[in-house]
Amino acid sequence: MLREASLSAIIGLILMLVAPFVFDDIYTLTVLVIYGLLALSLGFIWGFGGILCFGQAAFFGLGAYAFAIASINFAEPWAAALIALIVPALFAAALGAMLFYGRLSDVYLAVVTLVATLILFKFMNSTAGSAYKIGNARLGGYNGIPGFDTLTLPWDRSEYLIDESLYYFCALILLAAFLGLRWLLTAPFGRILVGIRENELRAELVGYDVRLIKTLAFAIGGMLAGMAGMLFANWAEIVTPNLFSLSQSAEVIIWVIVGGAGSLLGPIVGAFALGALKFFLGQQTLVDNLFVLGSLLVLAVLFLPRGIVPTIALLFKGRRKGIRKKGARRTSRRRVRHAR
Amino acid sequence: MDFAAVVVMEICYAIAVLVLISTGLAVIFGMMRVINLAHGEFLTLGGYAAIMSNQAGLNIYLSILVAAPLAAAIFGFLVERLIVRFLYGRLINTMLATWGLSLAMIGGFSMIFGNTTTGITTPISGFAVGKYQISGYNLFVIAIAALVIGGVYLILKISRAGLVARGAMQNPEMAQAFGYNTSRVYMFTFVAGSALAGLAGGVMAPLVGINPAAGAAYIAKAFITVISGGTAVISGTLASAGLFGFVSQTFTFLATPVVGEIALLFAAVVLLRLLPTGITGRFLKDKV
Amino acid sequence: MRADAILETRGVTVRFGGVTALENVDFRLDNGELRCLIGPNGAGKSTFFKCLTGLLVPSEGSIYLQGEDFTGAHPHAIARRGVGIKTQVPSVMNTLSASENIWLSARQAQTSREANRTTEEVLQRLELQDIATDEVATLAHGKRQLVELGIVMAGRPSLVLLDEPAAGLTGEEVERMVSVIHELNRDAALVIVEHDMHFVRSIAQAVTVFHQGRVLTEAPVEAVMADPSVRDVYLGKRA
């Protein structure tokens, strides 16, 4: 177990160091890493907790806004970064508690998370007036909040994290989050979470408080998404209500579904691949970006319901273990994804 | 007194809009347990169809009441045959696929029509009640909404087609055993729901400008109206549209339209929290 | 209530709309006792079972576990009080292995290390070692039933509630089930809902007969089988 973990840590570090040479636009590469973290946050709660959140962008946006607002007010970016983790985590915990303690089903979970995102989107868009401010930070409506202090080196306040240093910082966080979640999934909490995904009633009948565990998992997902938002704020140096938009939420789901919700690596791969695709599409005007992304989602649902990474993994496994087992696994995993 | 009349008018109008934009979705959801997240873009499609055919010289009422639903119906037919029919019984997957469709349609619209807002002028002029101006077209919208909901009610309740449809949805095997082709029934239902969406888009086109992303303004409202209403097509839609229309319009009067919209969304979340079983139970009963 | 009652209910009543499914059920079970609940379909025994597990909250009446009021408690709180539950349909975690299923149950009240040991022990007791790493979705029905009993066993319960453990098992598997039930009974009291009178005779000394939502009688199994009113109930005549 430990060997495997250190192996993936080393592979991750190598990838992180090699990536800038393969893909020499470091600015874009950084945002791909941030998207990877955002996708990972949803991949965790969806793939392992069985919770499909249609509003992961809400936590992403909250993290970004919390960072911007706190940074303006306290002029202390590292404290602001901490706040940017706490605010979305608490919001996710509150929303999750409402959903799970109320025993709302999948569809209602989708509706409520979507609506919560929409409320934030509408609210942020309507805060153009000077009356809307938190401390010294004006919310700025659809123009967003520009001009906040971004992260610096902790030991040198004049050295901002920008370009390459920001890239390495983001990549290290992504790697840490990936390894952290891997560890969590082998720890009792993660195993219980997977057990709940498999059979909520069973987990409850052996004495686990399913509501609490799902709420905690949701809060962890919210915190990671908020962390991605915080990094995004540092990258973009402005936060706007579009962070909360429905297409942002949809995009995260597309990354995860294309990459594969059953693994931790899948969502990251999905985010990188589709993020890069979006970037290349952005450079031409012939085909609309959304058109491609939307079509991809339709095709993925129809033809690739397990996602890229698990499908490839399955092909390898299938070759080793024989066909029968593969079929059994496929049906049972599918049941999870489509559960009610 | 005049003010009261205007307020009542506005509330009726808000409810009518909700009814109009939700009925198509409600028909599809209530009868087939399919949530079409591209519903907003079906409305937009209706809007574009109305505007285009009007600009091509078609009479404005024909554009709104015939061209718009027809275009959406044809498109709905294609969507049902190519996408939705493979996903029946898998609610979350249908939601994901139609969400993808929604994004693809937005992209498609901007490739075809460009990223600009187009519109047509209202064919009915306003009139004055005391010192307040009332839009005549708003009355037209209320009338159309009433006709739509009445028509759907009659079709479902009285006609043979409605009976077959309801039977096929409730017990597909039984209906099949009676010799009805349930796949056809699903298809017609989806097409009918799409046509209703197109009609709504056409009717709304003179009031709001149409642009590729215009559907987003509708989908959330239609979506929560339908979900909160539950699977009873008529009573569910009327009940939740009545409640949400009242809430949003009241808050719009008291504060701003944005507050009104946020109040609407809030009311929906609270409602779902308070009444999860009444509506949820229906989901789980037939599906496992 | 006496101190040695592990489970006691008083006046438990359940109404669904206008229908009374369960009426005024008083029931007590002593430490270490094994009791079967029998009765024809719709007699209310499954409804009563659901009340005991916390999946259903009675409209009236109270439920006590070891003298403490647990009426309306959540299933997980009831389970934590040392109650092991097996529902009628095998309820297992499908894509996990048999040993993982059992481990998750053990881990609830034990450290990971203890849970590892408990899992090994349970697998051994149920002779499931050779399928320990198999995904339970791929197992046969009888094996899944055993895995679920393993889940129950791993929680080290002092009270076990089983809903129709013999349903759908082959003759050989039923024999196995009987011995597992006796094994469970060494450390725990049991309440078993069962249809099959033959099975009931082979495990229980005492039975409680439900009829039309009430307790009809409570007696040793041989006495109940000889009781003409019970036979009438099973044959469909009015008691």
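Reply: We can begin with chain C of this predicted model, where residues 24 or more positions apart account for 65% of the contacts with a separation of 6 or more.

Me: What makes chain C as compact as a globular protein of its length?

Reply: Chain C has nine helices and ten strands in its secondary structure. Its radius of gyration is 18 Å, and the globule rule gives 18 Å for 239 residues, so chain C is as compact as a globular protein of that length. Along the principal axes, the C-alpha trace of chain C spans about 50 × 40 × 35 Å.

Me: How many of the residues of chain C count as buried, and what does that word require?

Reply: A residue is called buried if 20 or more other C-beta atoms lie within 10 Å of its own, and 44% of the 239 residues of chain C count as buried.

Me: Why are H3(C) and H4(C) called oblique?

Reply: The two helices, H3(C) and helix H4 (residues 112–125) of chain C, pack at an angle of about 130°, with their axes 8 Å apart. Angles over 145 degrees count as roughly antiparallel and those of 65 to 115 as roughly perpendicular, while the rest, apart from angles under 35, count as oblique; H3(C) is therefore oblique to H4(C). Their crossing is right-handed.

Me: Which residues of H3(C) and H4(C) meet there?

Reply: On the H3(C) side they are C:Ser99, C:Ile102, C:Trp103, C:Ala106 and C:Arg107, and these meet C:Ser112, C:Ala115, C:Thr118, C:Thr119, C:Val122 and C:Leu123 in H4(C). The residues of this contact divide into six nonpolar, four polar and one charged.

Me: In chain B, why are H2(B) and H9(B) described as oblique to each other?

Reply: The axes of helix H2 (residues 39–55) of chain B and helix H9 (residues 215–229) of chain B come within 7 Å and cross at roughly 135°. Since roughly antiparallel is kept for angles over 145 degrees and roughly perpendicular for 65 to 115, H2(B) and H9(B) are therefore oblique to each other. H2(B) passes H9(B) in a right-handed crossing, and the contact is made by B:His39, B:Gly40, B:Glu41, B:Leu43 and B:Thr44 of H2(B) with B:Gly215, B:Ala216, B:Tyr218, B:Ile219 and B:Ala222 of H9(B). Those residues divide into five nonpolar, four polar and one charged.

Me: How do you know that no contact joins chain B and chain C?

Reply: A contact requires two C-beta atoms, placed from the backbone, to lie within 7 Å. No contact joins chain B and chain C, and their closest C-alpha atoms lie 14 Å apart.

Me: What does chain C supply to its contact with chain A?

Reply: The contact takes 22 residues from chain C and 21 residues from chain A. Helix H2 (75–80) and helix H3 (98–107) of chain C each supply at least two residues of the side of chain C that touches chain A, and the largest share of that side, four residues, comes from H2(C). The residues on that side of chain C divide into ten nonpolar, nine polar and three charged.

How values were computed: Residues are numbered from 1 along each chain as its sequence is written. Chains are lettered from A and ligands numbered from 1 in the order in which they are written. This is a predicted model: local features need pLDDT of at least 70, side-chain atom pairs count only at pLDDT 80 or more; totals for chains, interfaces and linings use all residues. Ala, Val, Leu, Ile, Met, Phe, Trp, Tyr, Cys and Pro count as nonpolar, Asp, Glu, Lys and Arg as charged, and the others, Gly among them, as polar. The radius of gyration is taken over C-alpha atoms; the globule rule is 2.2 Å times the number of residues to the power 0.38. A residue is buried if 20 or more other C-beta atoms lie within 10 Å of its own, exposed if 12 or fewer, and partly exposed in between; C-beta atoms are placed from the backbone. Axes are lines fitted to C-alpha atoms, for helices over the stretch in contact, and angles run from 0 to 180 degrees between N-to-C directions. A crossing is left-handed if the near helix is turned anticlockwise from the far one by less than a right angle, and right-handed if clockwise.
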